Amino acid sequence: MTYKAWTEGGNLQSVRHDYIDGPNGAVSMPAKVHGATWSTQEDGGHTPRLKVVPTGKGVAHCLLMEGNDRVLDQKKGAAGQPVTCSAQR
């Protein structure tokens, strides 16, 4: 599972991603972000989720992709607003 976050017209303020369903549910981790792009590959578990917050009036984007080509969710937020991608597998 590939998690991707990026912004237009600003940088990433924060990124939080949920992965691997353990005995207590999904693990939600804040990511270390710097600049306008971020991505990672993790076992997404049953309910992968990605929340992206831009700086200022930036426009945040999120993408959850399985393998090299199967997009599970992709969203574009409004200027200055967070955006969340999620999927059920």
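Strand labels follow DSSP runs, numbered from the N terminus (a strand is a run of E with at least two residues; a helix is a run of H or I with at least four). The model shown is predicted, so local features need pLDDT of at least 70 and side-chain atom pairs count only at pLDDT 80 or more, while totals for chains, interfaces and linings use all residues. Residues are numbered from 1 along each chain as its sequence is written, and side-chain values use heavy atoms, with hydrogens and water left out.

**The sheet around E1 and E6**

Display strands E4, E1, E6 and E7, which form an open sheet of four strands in the order E4-E1-E6-E7, with antiparallel pairing. The edges are E4 and E7 (70–76); each has a single partner strand, so one side of each is left without a neighbour in the sheet. From one strand to the next, the twist averages 10°; such angles run from 0 to 180 degrees between N-to-C directions, with axes fitted as lines to C-alpha atoms (for helices, over the stretch in contact). Two strands count as paired if DSSP finds at least two bridges between them. Strands of a sheet pair through backbone hydrogen bonds, either parallel or antiparallel.

Follow the pairings across this sheet:

- E1 (residues 2–8) and E4 (residues 37–41) run antiparallel and are joined by five bridges. Select Trp6 here, and Thr37 of E4 is found opposite.
- Seven bridges join E1 to E6 (residues 59–66), again antiparallel. Lys4 has Leu63 of E6 as its bridge partner.
- E6 pairs with E7 in the antiparallel sense over six bridges.

Next, select Tyr3, which is placed in strand E1. Is Tyr3 buried or exposed? Tyr3 is buried, because its relative accessible area is 0% (buried means under 20%, exposed over 50% and partly exposed in between, with a 1.4 Å probe and protein chains only). A distance drawn from Tyr3 to Leu63, C-alpha to C-alpha, is 6.0 Å, although the two are 60 residues apart in sequence. A polar atom of the Tyr3 side chain lies 2.6 Å from the backbone oxygen of Asp18.

Tyr3 also belongs to the largest nonpolar core, which has 16 residues; Tyr3, Val15, Trp38, Leu50, Val52 and Leu64 touch the most other members. E1, E2, E5, E6 and E8 each supply at least two residues of this core. A nonpolar core is a set of buried Ala, Val, Leu, Ile, Met, Phe, Trp, Tyr and Cys residues joined through side-chain atoms within 4.5 Å.

Now select Trp38. Leaving aside neighbours within four places in sequence, Trp38 is in contact with residues including Tyr3, Val15, His17 and Leu50 (contact means heavy atoms within 4.5 Å).

Move to His17, which lies in strand E2 (residues 12–22). His17 counts as buried because its relative accessibility is 6%. Beyond neighbours within four places in sequence, its contacts include Tyr3, Trp38, Met29 and Arg49.

E2 is part of an open sheet of four strands in the order E3-E2-E5-E8, with antiparallel pairing. Its edge strands, E3 (25–30) and E8 (83–86), each pair on one side only. Neighbouring strands here are turned by 15° against each other on average, direction ignored. Four bridges join E5 (residues 49–54) to E8, and the two run antiparallel. Select Arg49 to find Ser86 of E8 opposite.

**The salt bridges**

How many salt bridges does the structure hold? There are four salt bridges, each defined as a side-chain nitrogen of Lys or Arg within 4 Å of a carboxyl oxygen of Asp or Glu.

Select Arg89 and Asp43, whose side chains meet at 3.7 Å, N to O. This pair links distant parts of the chain, 46 residues apart: Arg89 is in the segment after E8, and Asp43 is in the loop between E4 and E5. Arg89 is partly exposed, at 39% relative accessible area, and Asp43 is partly exposed at 46%.

Glu66 and Arg70 meet at 2.3 Å, N to O. Asp43, Glu66, Arg70 and Arg89 are linked in a network of salt bridges.

End at Lys75 and Asp73, which form a salt bridge of 3.1 Å, N to O. Lys75 is partly exposed at 36%, whereas Asp73 is buried at 12%.

Conventions
A polar contact is a pair of N or O atoms within 3.5 Å; within protein, one must be able to donate a hydrogen and the other to accept it, and residues adjacent in sequence count only if both atoms are side-chain atoms.
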